[in-house]
Amino acid sequence: MSITLWIVATVLVAAALIYKRASLAMFSAGLVIMFAIGSAIDIVGPVLWVILAIVLVPLNLAPIRLNLLTKPILSAYRKVMPEMSDTERDALEAGTVWWDGDLFSGDPDWKKLHDVPKAELTAEEKAFLEGPCEEVCKMLNDWEVTHELTDMPEHVWQYLKDEKFFAMIIKKEYGGLEFSAYAQSRVLQKLAGVSTVLASTVGVPNSLGPGELLQHYGTKEQQDHYLPRLASGDEIPCFALTSPEAGSDAGAIPDSGVVCKGEWNGEEIVGIKLNFNKRYITLAPVATVLGLAFKMYDPDNLIGEEEELGITCALIPRDTKGVEIGRRHFPLNVPFQNGPIRGNDVFVPLDYIIGGQKNAGKGWRMLVECLSVGRSITLPSNSAGGIKSIALATGAYSRIRRQFKLPIGKMEGVEEPMARIAGNAYLMDAVTMLSTKGIDLGEKPSVIGAIAKYHMTEKLRSCMDDAMDIHGGKGICLGPNNYLGRGYQGVPVAITVEGANILTRSMMIYGQGAIRCHPFVLKEMEASAEQGPEALKKFDKAVFGHIGFAMSNFVRSVFYGFGGHRLSSVPASDETRKYYQQMNRFSANMALLSDIAMGKLGGSLKRKERVSARLGDMLSYLYIGSCILKRFHDQGRIKEDLPLVHWAMQDTLHKLQEAQLEMLANFGGVGSFMRAIMYPLGRIAKRPSDKNDHKIARMLMSPNDVRTRLGEGQFLSPEGHFGFLEQTLQDVIAAEPLYDKVCKAAGKRFTFTQLDQIGAKGKELGVLSDDEVALLERTEAGRLRTINVDDFAPEDLLAGKAAFDYALKNLKKGEAA
């Protein structure tokens, strides 16, 4: 064996051991064996053995390693570690790590993902969707809600209370429905397809609010009093967190609660004097009980030795003296009940604190734990439900609406945005399926919640833009027959609430993910915060585990960069195989880039928000890709669904790849080196193809099983816009051969308009039956309703004071006459 061959063999053995994440002892043994082989063939002499010993002995002998290596590393680590606020620490410690941890490992366990049970509804949940949920969708007229009343009608409010729509999360022992997170998601999706106001109104009490907080943290007395009343609708809750001075930085709320003595029910007690100014509080104008977050102080040490107790949550009845409530905000013509709450010197007992006095100062942790669940359900589900309905409607409209003598959906320029809408509808529903199933398994996925909230609302924004482009004038003219306009106007609301999207992307996703999901970073941080020999041992284990982890991901990235990902083990042998393998490659790349960013930037990483955002994008797209593959697997790997799977995966992986390349392009010399390592043969992920877009567009314009699965669970009753469109689509498809028959008999090619007259012509020529003529007449009526837009008398568009003045003016005219 030549020296070159031995060196190559030794490097390959070392690389293989690192790739497989062998222990330090096993790695060392592998090198010793290779050196022994080298000695046997007179390649390795004493000098090389001495060098090997100098490297391996300190690494493998713990006392030497701890003093010679670990102690200096720990000292340096403590100097660069940024200070962490209490709110940051609470946010990091709240919630759980689930599949996001596997994605951060650089070696996802796909069997673990496939073994997650499929999300399914119980018989009771299914009956609710098909019964009360269907019924309330029929009851609601969104134009009446958004233009005429700026609120839901009273009978709709009462129906929601009677059927316990506000009690989906409340346990049955308190009179609630106790639905799974998946069922809540399905309900919200259906409602969102009908009305943003309806979905928002139902979503908030079942998300972050008094009900959720009471069930997890309330005292027995609080639970017994409030939960039955919330379940029956006798109480309407809201939760007040956001202040004018503290929006995304919720931990900086200026609202205060000072422990003091005061009079309550004729007696002097120790209580809390509250001063607060809140805004953007959903359901506040109609709420009867307010969840309130404030900073609590005890300057006179009336309840303990601490003067600054921290953020605290309390329940305040609406009629409490000093509470100002009832005014409304007007969020972009989507008038769900939302408004400010103010309080000046509001005195309440200590037992108004959720969980009682023992929970004083623990409010922030309570909030972030519950928010991680709610953020995974409400806005992602509303977004997915809206786009599922819009996808079906856009497909139908594109077949019904004709320009240049053909359906507009057959134009290539329209096919592209149609494919984006359908592909994203498939993707977004996949994300809600996996995320809510994780919650039902007991997870509180804070990182996944942030990913789902940010990306689903952003995809809602882009899909609504595409839908508006396709619908043109039909989309921009508001009125009773416009099913796009209010949703389009309301998109920024979803972008803004529950953590503004800019903040969520640039700080939250990776800011939490890097520490929570990384297998070693949190352990290093915890060990570095401790003192003594045990702390050094803990840090030693974590830091050398981290070094091995980084080396493994480096080797994997090099190997995968030259195409080795195609040899990685995956659980599928069909057309999705390549996606699993690309995900393996991108996971290793992301884990390595994360370590490089943390190593290069240290504590300043959290201030480098564009780096953090791109790393967050990588983790997000890995999660989204997992959801798509999981959905396809759970639904039986139906081959007909592959065009949607291909679009969703290709779009996701291409964006993931570009996030990596953008980071590398802005990372100086290190970035250039890593690009050569990770992409030596260039890009590997391509955008969805024109051919696949064409398949999806054609699928979306005709009734079929794939299209049905795409819109599963949405409100498609003939009483609603989308059900009417579905019926008209079927009529148009049935009318097309009749139209052809008349054209052939007449020897003339008519335009596909005035179908009632074409029906009469067919009757005259003797080629159509009475039923066929009736079908063409019905189709023409449906076609015209679909393409026409609403128009109004000028006075019908007046609202509020202007409408009142107009009516008064006409009344005076009548009296004068």
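## Phe35 and Trp49

In this predicted model, Phe35 is buried, with a relative accessible area of 12%. Trp49, at 30% relative accessibility, counts as partly exposed. The ring centres of Phe35 and Trp49 are 5.6 Å apart and the planes stand at 70 degrees, so the pair is edge-to-face. Because Phe35 belongs to helix α2 (residues 24-40) and Trp49 to helix α3 (residues 46-60), the contact ties together parts that are 14 residues apart in sequence.

## Tyr739 and Phe752

A further edge-to-face pair consists of Tyr739 and Phe752, with 5.0 Å from centre to centre and 80 degrees between the planes. Tyr739 is located in helix α29 (residues 721-746), whereas Phe752 lies in the loop between α29 and α30 (755-765), so this pair ties together parts that are 13 residues apart in sequence. Both Tyr739 and Phe752 are buried.

## Aromatic cluster and charges over rings

One aromatic cluster is formed by Phe128, Tyr159, Phe165 and Phe179.

Charged side chains also sit over aromatic rings. The charged end of Lys600 is placed over the ring of Phe667, at 4.9 Å from its centre. Arg785 lies over the face of Phe724, 3.8 Å from the ring centre.

## Cysteines

The count of disulfides is zero, where a disulfide requires a pair of cysteine sulfur atoms within 2.5 Å. For Cys517, the closest cysteine sulfur is that of Cys627, at 14 Å, which is too far for a bond. Cys517 is buried, with a relative accessible area of 4%. Cys313 is likewise buried, with a relative accessible area of 1%.

Conventions. Residues are numbered from 1 along each chain as its sequence is written. Side-chain values use heavy atoms; hydrogens and water are left out. Buried means under 20% relative accessible area, exposed over 50%, partly exposed in between (1.4 Å probe, protein chains only). Rings of Phe, Tyr and Trp (its six-membered ring) pair if their centres lie within 6.5 Å; planes under 30 degrees apart count as stacked, over 60 as edge-to-face and the rest as tilted. Helices (H or I, at least four residues) and strands (E, at least two) are DSSP runs, numbered from the N terminus. A charge sits over a ring if NZ of Lys or CZ of Arg is within 6 Å of the ring centre and within 35 degrees of the ring normal.
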